Amino acid sequence: MAAQKELVAIPDFGASDNSAVFAKEKKAISNLKKTGLIISGAAVQKFMAKFADEQEILMNLADILIEIYAAESCLLRVEKLISIRGEKACEIQKEMAMILPSSSRRESSVGRQAGDLCVCGRDELRLMLLGLKRFTKIDPTT
């Protein structure tokens with residue numbers, strides 16, 4: 001519900017802490033998690049008890065969650081490695097961790113497919129697609 005409320009809220013353009021090594025990537029992963037919550041929430045609201053039978057939506061959600069898990073897991077492992085070896089010694093791993101959240105382009109298309117399946121009205125679909133666009137937007141440098 002909080003993720004859905006954030007859809008209609010004004011975006012926070014406040015000063016973010018970009019001094020941390022993976023600040024942009026953590027923000028991207030957080031936003032990708034919100035896309036999963038929004039899609040699953042819409043599907044549960046539409047299908048209620050029959051949600052478990054909606055295999056295509058479940059498949060799309062699983063794809064989103066797997067990619068989020070991979071990106072976050074990689075980022076956390078590289079953070080730990082940097083704390084042990086130092087940032088200079090982990091440049092390749094650091095670059096890999098910065099690239100993985102950019103897979104949100106795929107989440108956006110998978111989310112669109114799931115949204116088309118679980119949203120009834122045109123206004124609902126428009127709101128969901130705007131949310132997906134907003135939460136899967138990534139800085140091209142990551």
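This is a predicted model: local features need pLDDT of at least 70, side-chain atom pairs count only at pLDDT 80 or more; totals for chains, interfaces and linings use all residues.

Me: How are H2 and H3 oriented to each other, roughly parallel or roughly antiparallel?
Reply: Helix H2 covers residues 23-47, and its axis crosses that of H3 at roughly 160 degrees. Angles over 145 degrees count as roughly antiparallel. H2 and H3 are therefore roughly antiparallel.

Me: Within what distance do the axes of H2 and H3 come?
Reply: Two packed helices are described by an angle and a distance between their axes. For H2 and H3 the angle is roughly 160 degrees, and the axes come within 10 Å.

Me: How many residues in the contact of H2 with H3 are nonpolar?
Reply: On the H2 side, the contact includes Ile29, Leu32 and Phe47. On the H3 side, Ile57, Leu61 and Ile64 are among them. By class, 3 residues are polar, 5 are charged and 11 are nonpolar.

Me: How are H3 and H4 oriented to each other, roughly parallel or roughly antiparallel?
Reply: H3 spans residues 55-85 and H4 spans residues 91-99. Their axes lie 9 Å apart, at an angle of about 155 degrees. The cut-off for this class is over 145 degrees. H3 and H4 are therefore roughly antiparallel.

Me: Which residues of H4 meet H3?
Reply: H3 brings Cys74, Leu75, Val78, Leu81 and Arg85 to this contact. H3 passes H4 in a left-handed crossing. The H4 residues are Gln93, Lys94, Met96 and Ala97.

Terms used:
Residues are numbered from 1 along each chain as its sequence is written. Side-chain values use heavy atoms; hydrogens and water are left out. Axes are lines fitted to C-alpha atoms, for helices over the stretch in contact, and angles run from 0 to 180 degrees between N-to-C directions. Helices (H or I, at least four residues) and strands (E, at least two) are DSSP runs, numbered from the N terminus. Angles under 35 degrees count as roughly parallel, over 145 as roughly antiparallel, 65 to 115 as roughly perpendicular and the rest as oblique. A crossing is left-handed if the near helix is turned anticlockwise from the far one by less than a right angle, and right-handed if clockwise. Contact means heavy atoms within 4.5 Å. Ala, Val, Leu, Ile, Met, Phe, Trp, Tyr, Cys and Pro count as nonpolar, Asp, Glu, Lys and Arg as charged, and the others, Gly among them, as polar.
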